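Reader: I have a structure to read and I am new to this. Can you walk me through it?
Author: Gladly; here it is.

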Amino acid sequence: MPLIKDGQFVADSWTVLEDEAEIPPNGDVIVSLERYISEVDVLVRRVGRVGVALENTADPEEIAPHLSDIDLISLTFPAFTDGRAYSQARQLRHHLGYGGELRATGSVLADQAGFLTQVGFDTFEVPSGQSIDVWNTASGSVTLAYQRGYEGSRKTRDKLQTSPAPQLTPDCAAVAGQTVPA
Amino acid sequence: MYRYDEFDTTFVRQRVDQFRDQVNRRVSGDLTEEQFRPLRLMNGLYLQLHAYMLRVAIPYGTLNARQMRQLAFIADEYDKGYGHFTTRQNIQFNWPKLPDVPDILEHLADVEMHAIQTSGNCIRNVTADQWAGATADEFEDPRPYAELMRQWSSLHPEFSFLPRKFKIAVTGAAADRAAIAYHDIGLRLKRNAAGETGFEVMVGGGMGRTPMLGATVRDWLQKEELLAYLEAIMRVYNLHGRRDNKYKARIKILVHELGAEEFTRQVEDEYARIDAPRIMPPPQELTRIKTYFAPPAYEELADQSPELARRMNENTDFAQWVDRNVVAHKQAGYAIVNISLKPVGGVPGDASAAQMRAVADLAEDKSLDEIRVTHEQNLVLPHVRKADLYEVWQSLKAHDLADANIGLATDIIACPGLDYCALATARSIPISQDISRRLGDITRQRDVGDLKIKISGCINACGHHHAGHIGILGLEKRGEEYYQITLGGSGDENASIGEIIGPGFSSETVTDAVETIVDTYVGLRQDGETFLDAYRRVGPDPFKEAVYATH
């Protein structure tokens, strides 16, 4: 699958390892959460980085004790309308302070790109045939965000300090900010 | 009223351009209909039985004259000269063509409006008490919080692909006119012993095939915490709401299956982990929004108007209209005027472009440039001087907008039903028209008094039948429409879910059944007892006996 990072196709150094497959002595591998937990000793002692694939029903808390040993977490969208991984990403970045690569896999479409970036994804496995121009146009089409405290380059109102103060009549100004009496 | 600043304007324009690009990709074939569908739905565009339907957001039902005129322009230019006001305080246009939709959105952006998230599995238009900021029974104006939530929910990066649609309503008054108990999240501003206002947070109400009333998950939430707390609720729902069955995907099912206590625990756990100060707007932001909702420039007036009293004495029709359609304003000398979009035999919620312009003119001249849309599909002029009421009534009369039936039997809520909707199983508009004609005599209506009849054309309950004093649900069996009747529902502060009285009725007999129910009430009521009071006292049996004995 083509991989997009920072608006460009990039080479993918990672191999997804099926649960039955032998663990290679080197190279970057992505394993399931179950395998990671059961074979963590082997995995952390080998040469090469380790990534973990989480199902979208998994609680990110399960991987919390290991986050410092993990270089990549992949989260999946079985259908692009299934938005659970947005919240998993948010929990990983925001609650658990995960700073490694966060990869979106599955049904990942250009029109989701902006949202995915905002919740903290930084690499995107896209269907073959995805045009990079369409991806970049779609992901950059909105540059502003009302939600504070999310990631990405969309600017919140506080960061776009070009807004003039509202034009008020003296009447209005006098009561601005006050609770309206019952 | 809220006004866009540069940020809001740029945001909405970008959204229009984004949608134009999506439409172009659909037209060119780059997007399949399956891929396009959720994208168009997130912008209020449905594919209905006969054509596309565009639902335009009227945030918490508030608009000004300029905006109403633009809706009239769109109705003339892109529809068949009318629009349909909905139970979510929005307006629908039934005949737009797909390539025209980006242009319509452009026209809306010109007047600070949009169609963002009026459908799709995302947070929908936030609704509020239609009399907010004007009504005498208010603790605090809910509109600044509704606007805060409108902004926060718009293109939310985390909550745009929820298990199912999500509806939030807020009220700041003692009487609940926003039906908060029937919402995914219902918010009630209330006052504590120290005189502070805060929110009661209810979660898990809803209609559809499994009607439920919301459970209180927080009895008291500081107002500043609102968005952070909503984020916690939404995250629990986004992660754990059911996605295996569309009919079990609303948050009410999650709350029901977990139990309110366990659901609350999960929300509070999540909330404890949220870095609230990072999410909450700085205090100056709420102040900025509140500034726009400061009271308008009222004149200092005596509360009583001799002019009004004289006109009411002279003209019974006018006096009856004042009695039903005009309610108390918190400012001395002013009144709230409700405009009925329910002429006898008409289509509930429909307004012609000419009527929209007439209302816009009146708003500008007589209501400090404000209009409201109610979830009961009527309009409101919220700030009319009592001395102007007669003139306003005459203008409304000239445009067939002076029906004095607010809250009466013919003030019926009905969904579009099988005449328009792709989901409907039965017609609702013709049934509503039939009942309205049958019960339409104004003397009889006034004698019957407060009565809410609500009609849905399918189990999804867009016509709010569960909350109707008399609810009617249109279904289909072996190619025949039939209508189930429920009694005793209510969407107010004493909310209840209507109970089915028995086997359904055909389209020919359902009006007879409704009339029998009304007559039964008239026969058994005690002094001053409304239909709902009487039903709650005597229960369904007398009504069942009367209906099934005669039909």
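Reader: How many helices and strands does chain A have?
Author: Chain A has six helices and eight strands. Helices (H or I, at least four residues) and strands (E, at least two) are DSSP runs, numbered from the N terminus. In order from the N terminus, chain A reads β-β-β-β-α-α-β-β-α-β-α-β-α-α. A word on the ground rules. This is a predicted model, where local features need pLDDT of at least 70, side-chain atom pairs count only at pLDDT 80 or more, and totals for chains, interfaces and linings use all residues. Residues are numbered from 1 along each chain as its sequence is written, chains are lettered from A and ligands numbered from 1 in the order in which they are written, and side-chain values use heavy atoms, with hydrogens and water left out.

Reader: What share of chain A counts as buried?
Author: Start with the term. Buried means under 20% relative accessible area, exposed over 50%, and partly exposed in between (1.4 Å probe, protein chains only). Of the 182 residues of chain A, 48% are buried.

Reader: What area do chain A and chain B bury between them?
Author: The size of an interface is often given as the accessible area lost when the parts come together. Buried area is that loss (1.4 Å probe), summed over both parts. Here chain A and chain B bury about 4900 Å², with 59% of it on carbon and sulfur atoms. In chain A, the residues that lose the most area to chain B are A:Tyr146, A:Arg148 and A:Arg157, together 15% of what that side buries.

Reader: How many salt bridges are there between chain A and chain B?
Author: Side chains of opposite charge can pair when their charged atoms come close. The rule for a salt bridge is a side-chain nitrogen of Lys or Arg within 4 Å of a carboxyl oxygen of Asp or Glu. Between chain A and chain B the count is nine. One of them joins A:Arg157 and B:Asp8, at 2.9 Å from N to O.

Reader: And how many residue pairs are in polar contact there?
Author: A polar contact is a pair of N or O atoms within 3.5 Å; within protein, one must be able to donate a hydrogen and the other to accept it, and residues adjacent in sequence count only if both atoms are side-chain atoms. Chain A and chain B have 26 such residue pairs, both residues at pLDDT 80 or more.

Reader: Is B:Glu158 buried or exposed?
Author: B:Glu158 is buried, with a relative accessible area of 0%. Find B:Glu158 in the loop between helix H5 (143–153) and strand S7 (168–171) of chain B.

Reader: Which side chains make polar contacts with the side chain of B:Glu158?
Author: Among them is A:Tyr150, at 2.7 Å. The side chain of B:Arg235 is another, at 2.7 Å. B:Glu158 also belongs to a network of salt bridges with A:Arg90, B:Glu231, B:Arg235 and B:Glu270.

Reader: Which domains does the assignment give for chain B?
Author: Domain bounds come from an automatic or database domain assignment. For chain B it gives domain 1 (6–110), domain 2 (134–291), domain 3 (306–398) and domain 4 (413–550). The centres of domain 2 and domain 4 of chain B, taken over C-alpha atoms, are separated by 30 Å.

Reader: What area is buried between domain 2 and domain 4 of chain B?
Author: About 1100 Å², of which carbon and sulfur atoms give 65%.

Reader: Where do B:Arg446 and B:Asp323 lie?
Author: B:Arg446 lies in helix H16 (residues 442–448) and B:Asp323 in helix H12 (residues 316–325) of chain B, so the pair ties together parts that are 123 residues apart in sequence. Their side chains meet in a salt bridge of 2.9 Å, N to O. B:Arg446 is partly exposed at 29%, and B:Asp323 is partly exposed at 48%.

Key: Buried area is the accessible area (1.4 Å probe) that two parts lose on being put together, summed over both.
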